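Keep the structure open while you read.

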Amino acid sequence: MLITVSGPPGSGKSTNAVQLADALGLGHVSGGDIFREMAAERDMTPVEFNEFAEEDPQIDRDLDRRLREIAVERDDVVLESRLAGWLAADHADFRFWFDAPLSVRAERIAEREAKPVDRARTETERREASERKRYREYYNIDIEDLSIYDAAYNTARWGPEPFLDVLVATVEAYDPEDDEGKSPVEGVVYDF
C-alpha cells in the first residue's frame, strides 16, 4: 500500500504521517526532511533555501524526482511531502490532504522552531507563495486544486489521537470491490 500525505507547512503532515505509518506498519518517507537536509548542507534556513530554489530549479527537480521514484518503486510506505499526491499520481492507494487555518499553522511552526508567531506566519506566507509559483512553472501543478485527493482534512478540528483514529478508520474502511476509481492526475509534466 502507498499512502501520500500532503499539505502546507504546519498542517500536521509530518506528525500524522509518522503516526499513520506506525499504526499501519508501513515505512515513512518525508520530503520535508530531505528538503531540510539539503538546506542545512548549504547552511540555509528552509525559507532561504526555498527562495534560493527559485533561482536554481534543479533543487526542486532533484527532490521531486527522488520522491517520484519512491512512489513508483516502493510499496508499504507513507510518502509525505507538499507534492506527494501529485508526484505519486495513480501509484498511490490513498492521497490525503491536510490543512489548518494559517493562524493555527503559524502557531505550530513557531512552537516547533522556537520563533515568534508573527515571524513564522510571515515566513510561511513567503514560502507558500514561492512554492506555489514554482510548482505551476515546473510541473503545471496548481497546488490549490484538491480534486486529486481522496480525503482532505482540517487538522485543527481534532486532537492528535482522535485524528489518527479517523485516518486509520478511513484506510481500514477501504474495500477495493466498492472502488469506482481513483481521481486521475492529469496535465502534470514530470520534467525532472
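The points below go from helix pairs to single residues.

This is a predicted model. Two packed helices are described by the angle between their axes and the distance between the axes.

**H6 and H7**

- Helix H6 spans residues 102–113, and helix H7 spans residues 117–139.
- The two pack at an angle of about 115 degrees, with their axes 8 Å apart.
- That angle makes H6 roughly perpendicular to H7, since 65 to 115 degrees counts as roughly perpendicular.
- The crossing of H6 and H7 is right-handed.
- By class, their contact has 6 nonpolar, 2 polar and 5 charged residues.
- On the H6 side, the contact residues are Leu102, Ser103, Arg105, Ala106, Glu107, Ile109 and Ala110.
- They meet Val117, Ala120, Arg121, Thr124, Glu125 and Glu128 of H7.

**H2 and H4**

- Helix H2 covers residues 31–41, and helix H4 covers 57–73.
- H2 and H4 pack at an angle of about 145 degrees, and their axes lie 11 Å apart.
- Their crossing is right-handed.
- H2 contributes Gly31, Ile34, Phe35 and Met38 to the contact.
- H4 contributes Ile59, Asp60, Leu63, Arg66 and Leu67.
- The contact of H2 with H4 has 6 nonpolar, 1 polar and 2 charged residues.

**H2 and H3**

- H2 also packs with H3, at an angle of about 85 degrees and with axes 9 Å apart.
- These two helices are therefore roughly perpendicular to each other.
- From H2, the contact uses Phe35, Arg36, Met38 and Ala39.
- From H3, the contact uses Pro46, Phe49 and Asn50.
- The residues of this contact divide into 5 nonpolar, 1 polar and 1 charged.

**The buried face of H3**

- Which residues of helix H3 (residues 46–55) are buried? They are Val47, Phe49, Asn50 and Ala53.
- Seen down the axis of H3, these buried residues fall within an arc of 165 degrees, so they line one face of the helix.
- The buried residues of H3 pack against H2, H4 and H7.

- Alanine 23 lies in helix H1 (residues 13–24).
- Alanine 23 is partly exposed, with a relative accessible area of 45%.
- What does alanine 23 contact, leaving aside its neighbours within four places in sequence? The contacts are Leu164 and Val168.
- Alanine 23 and leucine 164 are 141 residues apart in sequence, yet 8.4 Å apart in space, C-alpha to C-alpha.
- Valine 168 sits in helix H8 (residues 160–172).
- Is valine 168 buried or exposed? Its relative accessibility is 15%, so valine 168 counts as buried; the cut-off is under 20%.
- Not counting residues up to four places away in sequence, valine 168 touches Leu20, Ala23 and Leu24.

- Aspartate 43 is in the loop between H2 and H3.
- Its phi is near 60 degrees, a positive value in a residue other than glycine.
- Aspartate 43 counts as exposed because its relative accessibility is 71%, and exposed means over 50%.
- Aspartate 76 is in the loop between H4 and strand E3 (77–80).
- Aspartate 76 is not a glycine either, but has a positive phi of about 55 degrees.
- Aspartate 76 is partly exposed, with a relative accessible area of 43%.
- Aspartate 118 is found in helix H7.
- At 63% relative accessibility, aspartate 118 counts as exposed.
- Aspartate 118 and isoleucine 34 are 84 residues apart in sequence and 26 Å apart in space, C-alpha to C-alpha.

Methods. Residues are numbered from 1 along each chain as its sequence is written. This is a predicted model: local features need pLDDT of at least 70, side-chain atom pairs count only at pLDDT 80 or more; totals for chains, interfaces and linings use all residues. Side-chain values use heavy atoms; hydrogens and water are left out. Helices (H or I, at least four residues) and strands (E, at least two) are DSSP runs, numbered from the N terminus. Buried means under 20% relative accessible area, exposed over 50%, partly exposed in between (1.4 Å probe, protein chains only). Contact means heavy atoms within 4.5 Å. Axes are lines fitted to C-alpha atoms, for helices over the stretch in contact, and angles run from 0 to 180 degrees between N-to-C directions. Angles under 35 degrees count as roughly parallel, over 145 as roughly antiparallel, 65 to 115 as roughly perpendicular and the rest as oblique. A crossing is left-handed if the near helix is turned anticlockwise from the far one by less than a right angle, and right-handed if clockwise. Ala, Val, Leu, Ile, Met, Phe, Trp, Tyr, Cys and Pro count as nonpolar, Asp, Glu, Lys and Arg as charged, and the others, Gly among them, as polar. The arc is that of the directions from the helix axis to the C-beta atoms.
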